[in-house]
Amino acid sequence: MPIEAPAAPPPLQPAIGARFEAVVLPWLDAAWNLARWLTRDDADAQDVVQEAMLRALRYFDSFRGGDARVWLLAIVRNTYFTLCTKALPGHLLEPIDEDVHPLVDEQASPEALTLLAVDIGSLRQALERLPAPWREVIVLRELEECSYKEIASITGQKIGTVMSRLARARERLKLELSGRSGEARRHDLR
Amino acid sequence: MICADARQLLHAYLDDELDVAQSAAMATHLQGCATCAAGFREHQRLRHALAQPDLYRHAPAALRERWTPRREPADAVAPAAPYRSRRGPIVWALAAGFAGALLLATPLFYALQQHGAAGDMLADEAVSSHLRALQPQHLMDVVSTDQHTVKPWFDGKLDFSPRVVDLAGAGFPLVGGRLDALGGRSVAALVYRRHLHLISVYEWPAAALAASAALSESQQHGYTVLRWTEGGMQYVVVSDVDPAALHEFTQKLRQASDGGDLR
């Protein structure tokens with residue numbers, strides 16, 4: 001079959017360009033969303049996504065169908081962890097001692113329900129304050145709407161781990177939001 | 001079920017990840033237990049709050065541009081965004097400003113350019129679909145060089161009857177057809193051949209308002225997309241064949257459709 005010279009830009013291999021663009025590029029937002037929430041910084045997210053996309057392009061030959069989003073998000077996540085351990089050893093490891101954050105349901109009184117601050121600003125802050133492994137699972141589940149199975153294959157964890165992480169992350173988030181709304185309540189004019 | 005168990009399963013229940021039996025047990029428990037029900041509602045509320053679209057971070061335009069192959073000469077005229085090193089707050093402020101302006105201007109743009117924008121997305125989709133079809137085993141649902149085999153094959157699979165014409169005499173033999181989806185609806189896809197190149201023809205009924213539209217052409221990384229509306233049907237033709245040959249094909253196709261409609 002005659003090979004035409006396509007007008008692809010230099011960084012992309014012409015042969016791979018079209019398929020890569022069709023399969024991987026639609027998930028650029030997903031990649032950015034995860035990287036941005038993990039790094040909490042535009043410039044760092046930029047580095048992570050750029051590196052992850054280059055890796056994705058490099059490994060694209062070995063991508064054998066399946067869910068391209070899961071595949072790309074796993075690369076983004078690995079890239080983030082590699083770059084972080086390189087740049088700031090220990091920072092990322094942020095060990096979460098599950099005993100320190102036990103899964104206790106604070107008495108969920110109907111009152112507490114009204115205290116939950118769910119405006120964008122509070123949510124964003126509370127989410128950024130979560131330790132990375134919890135933030136990650138919340139972002140994948142709630143923002144990216146991945147199933148437990150998809151999260152498990154992105155993070156390389158067992159489904160049981162995903163489930164308990166998610167439960168703890170949500171309890172913690174809820175706690176943060178209740179605390180914040182307590183402060184806000186003082187300014188409430190009612 | 002006791003409350004301790006319910007607390008264990010609460011999140012999986014919330015995420016719809018429980019099997020039917022557990023899910024039913026959970027629902028029963030929540031009906032009978034006010035404490036667990038309140039906890040559940042709270043998490044539901046939290047979930048709902050986290051679903052606000054503003055929390056989702058979208059890739060900056062500069063990043064997207066860097067990873068999108070250039071398509072048309074119009075794009076090539078604009079200077080390509082060079083890779084900027086990470087410490088460039090001013091550049092980022094500018095980018096943010098640009099993104100903001102884009103956000104503000106986009107609805108207006110869409111209001112004015114709805115047809116054009118929808119058309120570009122359609123061309124994208126058509127190319128992607130054609131590419132997918134080129135992957136092994138995907139090309140054809142019905143393999144036949146006979147339009148009288150291909151056309152009836154679509155019966156009952158679509159809510160319209162596609163025009164299938166024979167262009168073998170013009171050097172474009174019919175190869176087969178398949179069902180496909182473009183812009184959220186089922187369309188007929190016919191596959192023709194020109195030497196070693198394949199041509200996908202998508203057709204579906206046009207919206208009543210735009211019963212006919214002139215031929216428009218676009219290029220996407222080596223593929224030519226031709227698009228027109230005629231006789232109440234929309235057509236999109238995608239191929240990597242030489243654009244001149246594709247125009248010839250299109251002309252023959254339109255003539256055949258016009259003249260007598262070889263059903």
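Predicted model: local features only at pLDDT ≥ 70, side-chain atom pairs only at ≥ 80, totals over all residues.
Along the sequence, the pattern of chain A reads α-α-α-α-α-α-α-α-α. The chain has 190 residues, and 51% of them are buried. Among its contacts with a separation of 6 or more, 72% link residues 24 or more positions apart. Chain A has an accessible surface of about 9200 Å². Carbon and sulfur atoms account for 55% of that surface.

The 7 strands make up an open sheet. Strands β1 (142-143) and β5 (213-220) of chain B lie at the edges, where each pairs on one side only.

Strand β4 of chain B covers residues 197-205, and strand β7 of chain B covers residues 233-239. The two run in the antiparallel sense and are joined over 7 bridges. In one of the bridges to β7(B), Ile199(B) has Ser239(B) as its partner.

The totals for chain B cover burial, contacts and surface. Of its 263 residues, 42% count as buried. Contacts in chain B between residues at least 6 apart in sequence were also examined, and 57% of these join residues at least 24 apart. The chain exposes about 13900 Å². Carbon and sulfur atoms supply 58% of this area.

Methods
Residues numbered from 1 in each chain as written. Chains lettered and ligands numbered in written order. Heavy atoms only, no water. Pairing = 2+ DSSP bridges. Helix = DSSP H or I, 4+ residues; strand = E, 2+ residues; numbered from the N terminus. Buried < 20%, exposed > 50% of the residue type's maximum accessible area, 1.4 Å probe, protein only. Contact = heavy atoms within 4.5 Å. Areas by Shrake-Rupley, 256 points an atom, 1.4 Å probe, with all protein chains shown as cover.
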